[in-house]
Amino acid sequence: MTSTLLALIRRDFRLAVRSGGGFGLPLVFFLSVVAVIPFAVGPDLVLLGRIGAAVLWIGALLSTLIGLDRLFGADAEDGSLDLLFSAPAPLPVLVLAKALSHWVVTGLPLAAIAPLLGLMLNLPPHALAATAFTLLIGTPALTLLGMIGAALTVGLRRGGLLLPVLVLPMTVPVLIFGVSTTNALIAGDPAASSLSLLLAVTLAAFVLAPLAAAGALRSARS
Amino acid sequence: MPQAEATSRPMIALANPARFSSLADRALPWLAGLTALLFVVGMWQAFFVAPADYQQGDTVRIMFVHVPAAWLCMFGWGVMSVSSLGVLVWRHPLADVAAQAAAPIGAAFTLIALVTGSLWGRPMWGTWWEWDARLTSVLVLFLMYLGVIALRAALDEPAKAARLVAILTLVGFINVPIIKFSVDWWNTLHQPASVFRMDGPSIHPAILTPLLVNALAFTLLFVTLHLLLMRTELMKRRLRGLRLRAAEAAR
């Protein structure tokens, strides 16, 4: 089973990086979102510094959503999704592996460049670290919850718009606990409670999202 | 087409729904009458019997619509979740009809709760919209209702739509309490729960009785509309099945 999972992860990773998988696109979108915010709220560095962490979280959330239709979309188009059903491993574990490799090429880079974009939003150094840290914990939950939406809308022509509509309400807890942890860390307030709640949401998503996504893929296949 | 294949078609195997339809036909006039009666009593009590609040004045009467609607928006998701279990576990076609019929009604009551809450908030809080915990989580619930309706609309194949919508509904069933908790945690400005409490209701009976009558009236309205929509949906599906068979036969 392990070799199956490793092969799947390696394949998804290669596809994303090499063959026009749109590896960098969510990052460009993230940069674009952050870049248009000052046009809307004004070039007020004090204000931007205050809302900067929230802006980064919103940007990361939207950028995660943008790439999600590719999670199963390309595989459904070329038929390799059908091979997952006959692979020698349980389907929930396989989709979890797919989500993880998807997160490595989207969520992880988002968390990694967040401090750089934070600099443009006038965030102080310790706030940059705090935002990257919470994004590192929270983005897996975003990818996993998004995977449910990706599985539900796989093969739909209107799936591109439907997916964020389905997924966004589910991500409310991640956003709440992610931003509150970040703000508590920045202000030097006790962050343990919100951090543990953020972790709890992420861990729950690890367990439940693969089951729901696998069920949806099975139903969508018939 | 061989006979065996034709009889295994779901539209013909729906003997049960036919029984359901005749049952609904008989029950609906009674339910509708009872609902109307309760509404007359409930609204008369709400407008003429219940006293005006000493602080809020007559605006407190919005409560008699707002609170039942807010209860029913949770009730609607509950009906959808039980039906979804029926879809996924027993694969019963009637369960999917029940889930499909509950979605627009639940969404409508959620919208009523939001709008009346907003109208109530204007004189009480001085603003049309307050990002308070309950308003916000009901808004998120409304978005989830719309998501369920949109997903069903996007799927062409009924059997596939039944199961995918059921999965989304159950994911929502797990998620709604988590969202509710997180939003409560995020901000609370709304008054705490005042009807269901361990030490009994903190509302005076003069207001509580009309509230309960109205809640019952609205719940019966929900049930009546639900049965009505289920019956309509069953007819639609039967019609679709007949059309498909006619098209096949014509080939």
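**Entry: α7 and α8 of chain A.** I began with the crossing of α7(A) over α8(A), and it is right-handed. A reminder to myself: this is a predicted model. Helix α7 of chain A covers residues 107–120, and I read an angle of about 150° between α7(A) and α8(A), with 8 Å between their axes. Angles over 145 degrees count as roughly antiparallel, so α7(A) and α8(A) are roughly antiparallel to each other. Next I listed who makes the contact. From α7(A) come A:G107, A:L110, A:A111, A:A114, A:P115, A:G118 and A:L119. The α8(A) side includes A:A127, A:L128, A:T131, A:A132 and A:L135, and also A:L136, A:T139, A:P140, A:L142 and A:T143.

**Entry: α8 and α10 of chain A.** How do the axes of α8(A) and α10(A) cross? I found them crossing at roughly 160° and coming within 9 Å. That angle makes α8(A) roughly antiparallel to α10(A). I noted a right-handed crossing where α8(A) passes α10(A). In α8(A), the residues I wrote down are A:H126, A:A127, A:A130, A:T131, A:T134, A:G138, A:A141 and A:L142. They meet A:V174, A:G178, A:T181, A:T182, A:L185 and A:I186 of α10(A). The class count for the contact of α8(A) with α10(A) is seven nonpolar, seven polar and no charged.

**Entry: α10 and α11 of chain A.** Here I looked up the handedness, and α10(A) and α11(A) cross in a left-handed way. Their axes lie 8 Å apart and the packing angle is about 150°. I therefore put α10(A) and α11(A) down as roughly antiparallel to each other. On the α10(A) side, I see A:P173, A:V174, A:F177, A:G178, A:S180, A:T181 and A:A184 in the contact. From α11(A) I noted A:S194, A:L195, A:L197, A:L198 and A:V201. The contact of α10(A) with α11(A) holds eight nonpolar residues, four polar ones and no charged ones.

**Entry: where chains A and B touch.** I counted 20 residues from chain A and 20 residues from chain B in the contact. Which helices of chain A each supply at least two residues to the side that touches chain B? They are α8 (125–152), α9 (159–167), α10 (172–187) and α11 (192–221). I marked α11(A) as giving the most, with six residues. That side of chain A has 16 nonpolar residues, three polar and one charged.

How values were computed: Residues are numbered from 1 along each chain as its sequence is written. Chains are lettered from A and ligands numbered from 1 in the order in which they are written. This is a predicted model: local features need pLDDT of at least 70, side-chain atom pairs count only at pLDDT 80 or more; totals for chains, interfaces and linings use all residues. Two residues are in contact if their C-beta atoms, placed from the backbone, lie within 7 Å. Helices (H or I, at least four residues) and strands (E, at least two) are DSSP runs, numbered from the N terminus. Ala, Val, Leu, Ile, Met, Phe, Trp, Tyr, Cys and Pro count as nonpolar, Asp, Glu, Lys and Arg as charged, and the others, Gly among them, as polar. Axes are lines fitted to C-alpha atoms, for helices over the stretch in contact, and angles run from 0 to 180 degrees between N-to-C directions. Angles under 35 degrees count as roughly parallel, over 145 as roughly antiparallel, 65 to 115 as roughly perpendicular and the rest as oblique. A crossing is left-handed if the near helix is turned anticlockwise from the far one by less than a right angle, and right-handed if clockwise.
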